[in-house]
Amino acid sequence: MAPERESTRERTPAGATAAPRSRARLDQPRPPRRRILPEWDPEAFGRLSEKIARFLGTGRFIVWMTVVIIAWVLWNVAAPRHLRFDEYPFIFLTLMLSLQASYAAPLILLAQNRQDDRDRVNLEQDRKQNERSIADTEYLTREVAALRMGLGEVATRDWIRSELQDVVKELEERRRHDGHVVFPAERAERSPGRDADDR
């Protein structure tokens, strides 16, 4: 047991001026650091910006914004003076519209950047798919060419028919000369000297 305790104990540097080193454990995650700025999930923020950008690009948003502006102007023109909150030049309305535009533009740009990233990934996948399809097509073309070359050496039905017709014609010619069918094996048995001369 004593050797195990010694092996698990961390070694400290020897010497008078040596300070103990703290080793970072690689098998454990680092403790979270304190941050001054708040943290947020970029994906959740991106999804929210896309939803807002989609809403800003609809006719419903334009109708609602028009209704709000008309109600704002009518209220500040027709309401009693002590209930008006934005007098005739409508400076507060201008400020609100500028604020809305200043937030809408970056949100729309962020949504467009996310869409560009998705399009880039889709184009890359389409390019890889096209390369695979071209490679498969070239392989199949080579295989079909090899099959055609191989079929050129294979006996076809028409070739076999023509060969059989030639054999039948030859047998019919032999029948005309001898009166009966004579196969080469029978001819060899009947006239061995003639076969020897043929050879």
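## A nonpolar surface patch

Helix 4 (residues 91–153) contributes five residues to the nonpolar patch, the most of any element. Helices here are DSSP runs of H or I with at least four residues, strands are runs of E with at least two, and both are numbered from the N terminus. The model is predicted, so local features need pLDDT of at least 70 and side-chain atom pairs count only at pLDDT 80 or more, while totals for chains, interfaces and linings use all residues. Residues are numbered from 1 along each chain as its sequence is written, and side-chain values use heavy atoms, with hydrogens and water left out.

The patch lies on the surface and consists of Trp75, Leu83, Phe85, Phe92, Leu95, Met96, Leu99 and Tyr103, with about 820 Å² of accessible area together. Accessible areas come from the Shrake-Rupley method with a 1.4 Å probe, and for residues only the protein chains shown count as cover. Patches take residues with over 30% relative accessible area and no salt bridge; like charges are joined within 9 Å, and nonpolar side chains (Val, Leu, Ile, Met, Phe, Trp, Tyr) within 5 Å. A salt bridge is a side-chain nitrogen of Lys or Arg within 4 Å of a carboxyl oxygen of Asp or Glu.

Tyrosine 103 is placed in helix 4. Tyrosine 103 counts as exposed because its relative accessibility is 56%; exposed means over 50% relative accessible area, buried under 20%, and partly exposed in between (1.4 Å probe, protein chains only).

## The whole protein

The protein has seven helices and zero strands. Of its 199 residues, 10% count as buried. The protein exposes about 18600 Å², and carbon and sulfur atoms supply 59% of this area.

Contact means heavy atoms within 4.5 Å. Among contacts between residues at least 6 apart in sequence, 44% join residues at least 24 apart.

## Helix 2 and glutamate 50

Helix 2 has 15 residues and spans 21 Å from its first C-alpha to its last, close to the 21 Å expected at 1.5 Å a residue. The expected span is 1.5 Å times one less than the number of residues. Gly46, Ser49, Glu50, Ala53 and Leu56 are the buried residues of helix 2. They lie on the same side of helix 2 because they cover an arc of only 125° around the axis, taken from the directions from the helix axis to the C-beta atoms. The face turned away from this buried side carries the exposed residues Lys51 and Arg54.

Glutamate 50 belongs to helix 2 (residues 42–56) and counts as buried because its relative accessibility is 9%. Leaving out residues up to four places away in sequence, glutamate 50 touches Ala111, Arg114, Gln115 and Arg118.
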